[in-house]
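Good morning, and thank you for the time. I would like to take the group through one model.

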Amino acid sequence: MRHKSWFMAIATVAMVSTAWADNWMPVLKNTPLQRFSQADINQLSEEGAAFLSSDATLLEWRNPESRAGGSFKLIASNTQEGRLCKTFRVTLYTPRDPAKSARLRACRQPAGEWRLVP
């Protein structure tokens with residue numbers, strides 16, 4: 001997929017500090033995340049963490065001020081090496097960018113945080 005690297009960064013942003021996203025902006029050229037405000041990135045981070053930590057199968061979000069948003073959709077959930085893992089689709093959009101999606105997989109780590117896995 002042409003935009004796979006930016007989706008990996010997006011999912012990682014959703015699971016770690018939002019300040020980390022600033023380092024990825026050059027890599028994310030021509031993607032919806034490139035036009036996200038700091039408030040959008042914060043909301044993406046919060047919604048991603050909420051989605052992974054819940055039993056939700058779909059979580060949609062939208063920032064009414066910027067009109068940017070997206071969704072997290074569960075595809076599968078299983079246990080791998082005793083850890084909960086989720087395969088999900090991330091979709092992001094802005095008023096200037098059509099929605100773009102990618103399939104990702106994350107597993108809960110022993111300390112409780114989520115990490116992307118191949």
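I shall speak about the sheet, the helix on it and some aromatic contacts.

This is a predicted model, in which local features need pLDDT of at least 70 and side-chain atom pairs count only at pLDDT 80 or more, while totals for chains, interfaces and linings use all residues. Residues are numbered from 1 along each chain as its sequence is written, and side-chain values use heavy atoms, with hydrogens and water left out.

Five strands form an open sheet in the order 1-2-3-4-5 with antiparallel pairing; strands are DSSP E runs of at least two residues, helices H or I runs of at least four, numbered from the N terminus, and pairing requires at least two DSSP bridges. Strand 1 and strand 5 (114-116) are the edge strands, each pairing on one side only.

Helix 2 packs on this sheet and touches strand 1, strand 2, strand 3 (83-94), strand 4 (97-108) and strand 5, where contact means heavy atoms within 4.5 Å. Among the buried residues of helix 2 are I41, L44 and F51, buried being under 20% relative accessible area with a 1.4 Å probe, protein chains only.

Now to the aromatic rings. The structure holds 4 aromatic pairs, defined by ring centres within 6.5 Å, using the six-membered ring for Trp. F36 and W61 pair edge-to-face (planes over 60 degrees apart), at 5.9 Å centre to centre and 90° between the planes. F36 lies in the loop between helix 1 (4-15) and helix 2, and W61 in strand 1 (residues 58-62), so the pair ties together parts 25 residues apart in sequence. Both F36 and W61 are buried.

Finally, F51, F72 and F88 form one aromatic cluster.

Definitions and conventions: Buried < 20%, exposed > 50% of the residue type's maximum accessible area, 1.4 Å probe, protein only. Phe/Tyr/Trp six-rings, centres within 6.5 Å; stacked < 30°, edge-to-face > 60°. Axes fitted to C-alpha atoms, helices over the stretch in contact; angles between N-to-C directions.
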